[in-house]
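Student: Could you take one part of this model and walk me slowly through how its helices are placed against one another?

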Amino acid sequence: MYKELLVVQVAATWFLVGLIWMVQVVHYPLFARVGPAEFPAYHAAHSSLITWVVGPLMLLELCTALLLLTQWPPGLPGWMGWLGLALLGVIWLTTLLVSVPLHARLAGGFEAQAHALLVGTNWIRTLAWTARGLLNLWALLRLT
């Protein structure tokens with residue numbers, strides 16, 4: 001059962017890795033190119049639509065990480081599971097404590113400082129998800 005959980009986790013994580021890189025390199029920078037009159041509606045649509053893509057996958061990733069800790073694969077060092085969970089903690093805390101408040105500021109209209117902070121601090125999530133993806137892939141390859 002642990003191998004199937006790890007496969008699901010690797011798939012969810014790598015989907016999110018691809019998504020966060022697209023958001024970091026393409027989507028968030030383009031916020032600055034939306035006109036001031038259109039920005040609140042654009043941002044509201046972004047916030048609503050992205051939640052349907054990211055939310056279920058983040059929950060799936062968290063659930064599989066927690067389940068894996070209860071059924072850790074023999075032959076893999078335990079620190080790998082705990083490091084993966086710590087990286088998830090960084091991602092979730094950055095999302096809740098940094099990204100969500102910055103999006104709340106942007107909901108009222110484009111603000112250059114909030115936008116710059118959003119793009120800059122999103123590197124934390126981008127790098128944490130990338131490290132998590134590599135760690136999970138390494139764990140899966142060690143099992144095969």
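Tutor: Let us begin with helix α2 (residues 39-70) and helix α3 (residues 78-107), which pack at an angle of about 165° with their axes 12 Å apart (axes are lines fitted to C-alpha atoms, for helices over the stretch in contact, and angles run from 0 to 180 degrees between N-to-C directions). This angle makes α2 roughly antiparallel to α3 (under 35 degrees is roughly parallel, over 145 roughly antiparallel, 65 to 115 roughly perpendicular, the rest oblique). The model is a predicted one, in which local features need pLDDT of at least 70 and side-chain atom pairs count only at 80 or more, while totals for chains, interfaces and linings use all residues. Residues are numbered from 1 along each chain as its sequence is written, and side-chain values use heavy atoms, leaving out hydrogens and water.

The crossing of α2 and α3 is left-handed (the near helix is turned anticlockwise from the far one by less than a right angle; clockwise would be right-handed). On the α2 side the contact (heavy atoms within 4.5 Å) includes F39, P40, M58, L62 and L69, and on the α3 side W82, L85, I91, W92 and L106 are among the residues taking part. Sorted by class, this contact has 15 nonpolar, six polar and one charged residues (Ala, Val, Leu, Ile, Met, Phe, Trp, Tyr, Cys and Pro are nonpolar, Asp, Glu, Lys and Arg charged, the others, Gly among them, polar).

On another side of the picture, α2 also meets α1, and the axes of these two come within 9 Å and cross at roughly 150°, so α1 and α2 are roughly antiparallel to each other. Their crossing is left-handed, and its contact brings residues of α1 including L5, F15, L16 and Y28 to residues of α2 including Y42, V53, L57 and L68. By class, there are 18 nonpolar, five polar and one charged residues in the contact of α1 with α2.

Helix α1 covers residues 2-30, and because its 29 residues at 1.5 Å each should span 42 Å, the 40 Å between its end C-alpha atoms agrees with expectation (the expected span is 1.5 Å times one less than the number of residues). Even so, α1 bends by about 45° at V23 (the angle between axes fitted to the seven residues ending there and the seven starting there).

Helix α1 also packs with helix α4 (residues 112-143) at about 155°, their axes 8 Å apart, which makes α1 roughly antiparallel to α4. This crossing too is left-handed, and its contact residues divide into 21 nonpolar, nine polar and three charged.

Altogether the protein chain has four helices and zero strands (DSSP runs, H or I of at least four residues and E of at least two, numbered from the N terminus).
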